[in-house]
Amino acid sequence: RQYQDIGVHAAEWYDVQSTIRSVTEHLPLEGISLSINIDRLAIYADPLIGKVFYNIMENSLRHGEHVTRMSFDCRNADSDIVIIFRDDGVGVPEDQKEKIFLQGFGKHTGLGMYLSRAILSITGIRIQETGEPGKGAQFEMVVPPGAFRL
């Protein structure tokens, strides 16, 4: 029900750091070190962009087993900007890196990462899991030219 409005409302510009900070208020992050090393980056995204950041962090808490650190960073990659989330949990097994984005896959509802990919794709943002199993999860969101402002 929360996601019935994907793509219904026009995309807008969102400050990444403030969007992440706003969703952290709804997560139990006691005992978790969170760093957000993203300044002055805005992305053009569906109004449900906050749910994407929420889902990534909530999945980290739910499935990471022993997460104590989470971070958000960004880097240039050719003409794109890449937003990177990392945690220090158990990571995602190699054979599940793409499956986690399939509808119905997973230990909970099987919708969070599937819908996150759908929300991002509306404005051409791609997401993939690139972490090393056993060393933590890492999600990279590749934002194409025209969908970010510095």
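Student: Which residue of β5 stands opposite Cys74?
Tutor: This is a predicted model, where local features need pLDDT of at least 70, side-chain atom pairs count only at pLDDT 80 or more, and totals for chains, interfaces and linings use all residues. Residues are numbered from 1 along each chain as its sequence is written, and side-chain values use heavy atoms, without hydrogens or water. Strands (DSSP runs of E, at least two residues; helices are runs of H or I, at least four; both numbered from the N terminus) β4 and β5 pair (at least two DSSP bridges) in the antiparallel sense over eight bridges. In that pairing, the residue opposite Cys74 is Ile83.

Student: Which residue takes a positive phi in the hairpin of β4 and β5?
Tutor: The hairpin leaves two residues between its strands. Phi is positive there, near 55°, at Asp78.

Student: Which residue of β4 is the bridge partner of Leu34?
Tutor: β2 (residues 33–37) pairs with β4 in the parallel sense over five bridges. Within β4, the bridge partner of Leu34 is Met70.

Student: How far from Asp80 is the nearest side chain of opposite charge?
Tutor: Asp80 belongs to β5 (residues 80–87) and is buried (under 20% relative accessible area; exposed is over 50%, partly exposed in between; 1.4 Å probe, protein chains only). Beyond four places in sequence, its contacts include Arg75, Arg126, Val142 and Phe148. Asp80 has no salt bridge, a term for a side-chain nitrogen of Lys or Arg within 4 Å of a carboxyl oxygen of Asp or Glu. With Lys and Arg counted as positive, Asp and Glu as negative, and His and the chain ends not counted, the nearest opposite charge is on Arg126, at 4.2 Å.

Student: Which strands stand at the edges of the open sheet?
Tutor: Three strands form this antiparallel sheet, in the order β1-β3-β8. Two of them have a single partner strand each, so one side of each lacks a neighbour in the sheet: β1 (12–15) and β8 (148–149).

Student: At what angle to β1 does helix α1 run?
Tutor: β1 pairs with β3 (residues 42–45) over four antiparallel bridges, with Asp15 opposite Ala42. Helix α1 (residues 16–24) lies across β1 and β3. Between N-to-C directions of lines fitted to C-alpha atoms, for helices over the stretch in contact, on a scale of 0 to 180 degrees, the angle to β1 is about 70°.

Student: Is Pro47 buried, partly exposed or exposed?
Tutor: Pro47 lies in the loop between β3 and α2. Beyond four places in sequence, Pro47 touches His9, Ala10, Ala11, Glu12 and Tyr14. Its relative accessibility is 30%, so Pro47 counts as partly exposed.

Student: What distance separates the C-alpha atoms of Thr130 and Arg86?
Tutor: Thr130 sits in the loop between β6 (126–129) and β7, and its contacts beyond four places in sequence are Lys97, Gln138 and Glu140. Thr130 and Arg86 are 44 residues apart along the chain, and their C-alpha atoms are separated by 9.5 Å.

Conventions:
Contact means heavy atoms within 4.5 Å.
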